[in-house]
Amino acid sequence: MTQTAPLDIATAFTTAWTSHDLEKAASYVAEDVVFDGPMQQSTGKEPYLKGLAKLSQDVTGVRMIAAFGDDRQALLMYDLMTKSSGALSCAKHLTVSDGKIHSDKLTFDSKKLGSAKPKANGG
């Protein structure tokens, strides 16, 4: 049986959660996942998915900029489109083993959260 490449898992996971398919996204996550991001740090699948579910409610889409990986990790850079803050440029490093994400380190400019100005009518 062939092992799925970390990059394939990382991109499938990102596509799933940004498309609001949290059940599918959860299938890629290890029970002991460690998350480190600007707004949350957590250990374990339940708190990780809870934070992801909250964020996904604000997501309207994603535009992948670049994606790289090897046999144990993936690095993604993407613009996350949100209702409240517009586009957030994100970089994410994921480690994967046995087909599951074990760590997720996310970085983005958290000062942009909530700072987007509503467009004028017709804009």
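# Notebook: loops, a pocket and a core

**Entry 1, H20.** I began with H20, which sits in the loop between α1 (6-18) and α2 (22-26). I kept in mind that this is a predicted model. The phi of H20 is near 70 degrees, a positive value in a residue that is not glycine.

I then went to the loop between β5 (86-97) and β6 (100-107), where D98 is found. D98 also has a positive phi, about 50 degrees, although it is not a glycine. The relative accessible area of D98 is 66%. Exposed means over 50%, so D98 counts as exposed.

How big is the volume of the largest pocket? I noted about 480 Å³. I found 22 residues lining this pocket, and M39, Q40, G51, L55 and F108 lie nearest its centre. The elements that give two or more residues to the lining are α3 (45-56), β4 (73-82), β5 and β6. Which of them gives the largest share? My note says α3, with 5 residues. I also sorted the lining of the largest pocket by class and wrote down 14 nonpolar, 4 polar and 4 charged residues.

My next stop was T82, in strand β4. T82 has a relative accessible area of 8%; the limit for buried is under 20%, so T82 is buried. I wanted to know what its side chain reaches. A polar atom of the T82 side chain lies 3.0 Å from the backbone nitrogen of S85. The T82 side chain also reaches the backbone oxygen of G86, at 2.8 Å. Then I set aside the neighbours within four places in sequence and looked for other contacts: T82 touches D58, V59, T60 and L88.

I turned to the largest nonpolar core, which has 24 residues. Which members touch the most other members? They are F13, W17, Y78, L80, C90 and I101. The elements that give two or more residues to this core are α1, β1 (29-36), α3, β4, β5 and β6. The largest share, 5 residues, comes from α1. Y78 touches W17, V62, R63, M64, I65, L88, S89, C90, K92 and L106. I was pleased to meet W17 and C90 again in that list, as both are named among the core members with the most contacts inside the core.

I finished in strand β6, with S103. The relative accessibility of S103 is 22%. Buried would need a value under 20%, so S103 counts as partly exposed. Not counting residues up to four places away in sequence, S103 touches V33, V34, H93, L94 and T95. With T95 I found a polar contact from side chain to side chain, at 2.5 Å. How far apart are S103 and D36, in sequence and in space? I wrote down 67 residues along the sequence, and 8.1 Å from C-alpha to C-alpha.

Key: Residues numbered from 1 in each chain as written. Predicted model: local features only at pLDDT ≥ 70, side-chain atom pairs only at ≥ 80, totals over all residues. Heavy atoms only, no water. Helix = DSSP H or I, 4+ residues; strand = E, 2+ residues; numbered from the N terminus. Buried < 20%, exposed > 50% of the residue type's maximum accessible area, 1.4 Å probe, protein only. 1 Å grid on protein atoms, 1.4 Å probe; cavity = no way out; pocket = protein on both sides within 12 Å on 5 of 7 lines; lining within 4 Å. Points joined across faces, edges and corners; volume = space filled by probe spheres on them. Nonpolar A, V, L, I, M, F, W, Y, C, P; charged D, E, K, R; others polar. Polar contact = N/O pair within 3.5 Å; in protein donor to acceptor, adjacent residues only side chain to side chain. Contact = heavy atoms within 4.5 Å. Core = buried A, V, L, I, M, F, W, Y, C linked by side-chain atoms within 4.5 Å.
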